[in-house]
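Subject: Structure handover

Hello,

Here is the structure for your files. My notes on it follow below.

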Amino acid sequence: LKPFWLKVFLILNHPAILAAMETLLANGRHVRVDPQKATVQDFPDFQKMKPEKAEKKVALLRDGGNTKDDNSPMPYNRPCQDVLWAILFLVTMVVVLGYGYMCSGALLSHMGDATTTAAPTLAGAHLTAKEVLVTLAVAVSTSMMACLLFMLLAHRAPSCVVWSSLIVSPCLLMVLGLALLAGGLVLQGGILLAVGALGLCVNLCCYREYIPFMVQVTEVVADVIEDHPCMMMVGFIGTSIAFVLFAMLALALCSIQADMQQRQGVDMDKGSIGLAHTDKGGIGLASVFVVFLLFFWGGFVASNICHVTYCGVFGAWYYKGNASTSESDSGGNTLTPALRVSLTTSLGSICLGSLIVAAVRALEEVARQIMKDASEDGNPLLCVIGCCLTCILDCIGDMLEYFNDWAYVQCAVRGVSFINAAKITFSLMTCANMKYILSDLLLGSVVTLGTLAVAMMTMLVTAGVAAVLYGTKAAIAGGCLGLIIGFPAGAAALGIVNSGVKTLLACWADDPEPLRQTHPEIHEKFMEKLGKIDEADSDSMYISD
């Protein structure tokens, strides 16, 4: 009777406190844990660990909880975080591009000597510069229209977006496979056809029960996107900046290599000028690491600037009116403050997190190069080692990218450093038992397959237009350009959905009340998913490393 009379008292005196209390309950038990009062017994997964390791986990939860309490959401004044890493990124890019410009004379002279009157070749088709530009314009416009259509459908018909993301991509792969089969490429066509058919079966049979939940979450995110349509332009601008940075880095590095070959007296007509690996040894592998580190670092920084901007917009929407110090109180324009944060106070955190992932991805390319060199030299042992290293580094890179996405939410919402954002993220997501919601969320599948759908649509349309305008031989060139443009454009558009869903879940883990007020049906759905904790408690406990 004691809980009953307590509820009666709260109803009569403090309804808001009762609402807060009910958010802690699912299936009659507490599902949210106060980090300061957390114990090993509160988490079934911790009980499977050795006692000393479990206590370290609990200590991390408390540390993250303290950091969260010290940093309120959406502060008006934010100090610059991780400044040294932003300076390192900017100085590195300026030095590489500047030195490349100083060395450009050798490359320009070689290109001038190698110039011929023949038309440039693109994917086996001889296209003039004008024809390449027209094909490129078709690819860009098609990708933009596909992305805008995707965002419009996400708001008007979210179920259509989720279903199309899970079905259209495998179907397009099957269509492409049939086209390759018709063209005589039996092996490639058969592989694409099999992969598409398998993906379609998995989506229809295994993911079907999770689709309604993903539809509801997508609908909430689409509401915010409709109120801030300029977020689409942030994605396109970020993608354009990444393209320009890649082109400038490529020219700079090629210039540096051409200058080195000229100083060493290497005949550049017989040698090669480019970013390819040429030396088998420590120096060659080091050059591979440096080149890919620069490319990955620049690309990840551009992408994560967009991600942090999106997270800031969604965070301002979620916490609006919750605190007098909130940036969301400043008016309806939340995009400009969010973009300013990502380009100034949180730029250092973005550069640090991007560098960590870029270093792992660069090491992965080094492992691939080791495997390639070993295969050419006929060394099976080194080839196997390189293959194992590639798989391990690929998994580590995927995990880091996934966790970074969540950590950047706290950089955008609370303005903390990257390390503190990681602490807060671990504490919030663990104490709120968010894994039971994430396990039923098809976010990764929708984003990946949606990006693939945009890329495939862009490729097919561009290939068709190129074939009509310049003949069938130009179709392959058009398809390649469409694929190159479509993938980053689709990733930029779907990145908004990815950032929105992760911000929504992270903010709900911190404070469920705003979502209860604006979208009570989603709040109740989240609480329903947390009811799975009872199933976890019934699992057998064992001691593991």
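Asp 82 is buried because its relative accessibility is 18% (buried is under 20% relative accessible area, exposed over 50%, partly exposed in between, with a 1.4 Å probe and protein chains only). Asp 82 sits in the loop between α4 (51–70) and α5 (83–102), and its phi is near 50 degrees, a positive value in a residue other than glycine. Helices here are DSSP runs of H or I with at least four residues, strands are E runs of at least two, and both are numbered from the N terminus.

This is a predicted model, in which local features need pLDDT of at least 70, side-chain atom pairs count only at pLDDT 80 or more, and totals for chains, interfaces and linings use all residues. Residues are numbered from 1 along each chain as its sequence is written, and side-chain values use heavy atoms, with hydrogens and water left out.

Asn 433 also has a positive phi, about 55 degrees, and is not a glycine. Asn 433 lies in the loop between α16 (418–431) and α17 (435–438) and is buried, since its relative accessibility is 8%.

On the cores: the largest nonpolar core has 102 residues, and Val 501, Trp 508 and Phe 526 have the most contacts inside it. A nonpolar core is a set of buried Ala, Val, Leu, Ile, Met, Phe, Trp, Tyr and Cys residues joined through side-chain atoms within 4.5 Å. Helix α12 (residues 282–318) contributes the most to this core, with 17 residues. Another core, of ten residues, lies apart from it and includes Val 33, Phe 43, Met 49 and Ala 54.

Leaving aside neighbours within four places in sequence, the contacts (heavy atoms within 4.5 Å) of Trp 508 include Arg 32, Tyr 318, Met 434 and His 523.

Asn 304 is in helix α12 and is buried, as its relative accessible area is 9%. With the sequence neighbours within four places again left out, Asn 304 is in contact with Ile 350, Ser 354, Asp 405 and Tyr 408.

Helix α8 (residues 158–182) packs against helix α10 (residues 211–227) at about 125 degrees, with the axes 8 Å apart. That angle makes α8 oblique to α10 (under 35 degrees is roughly parallel, over 145 roughly antiparallel, 65 to 115 roughly perpendicular, the rest oblique). Axes are lines fitted to C-alpha atoms, for helices over the stretch in contact, and angles run from 0 to 180 degrees between N-to-C directions.

Regards
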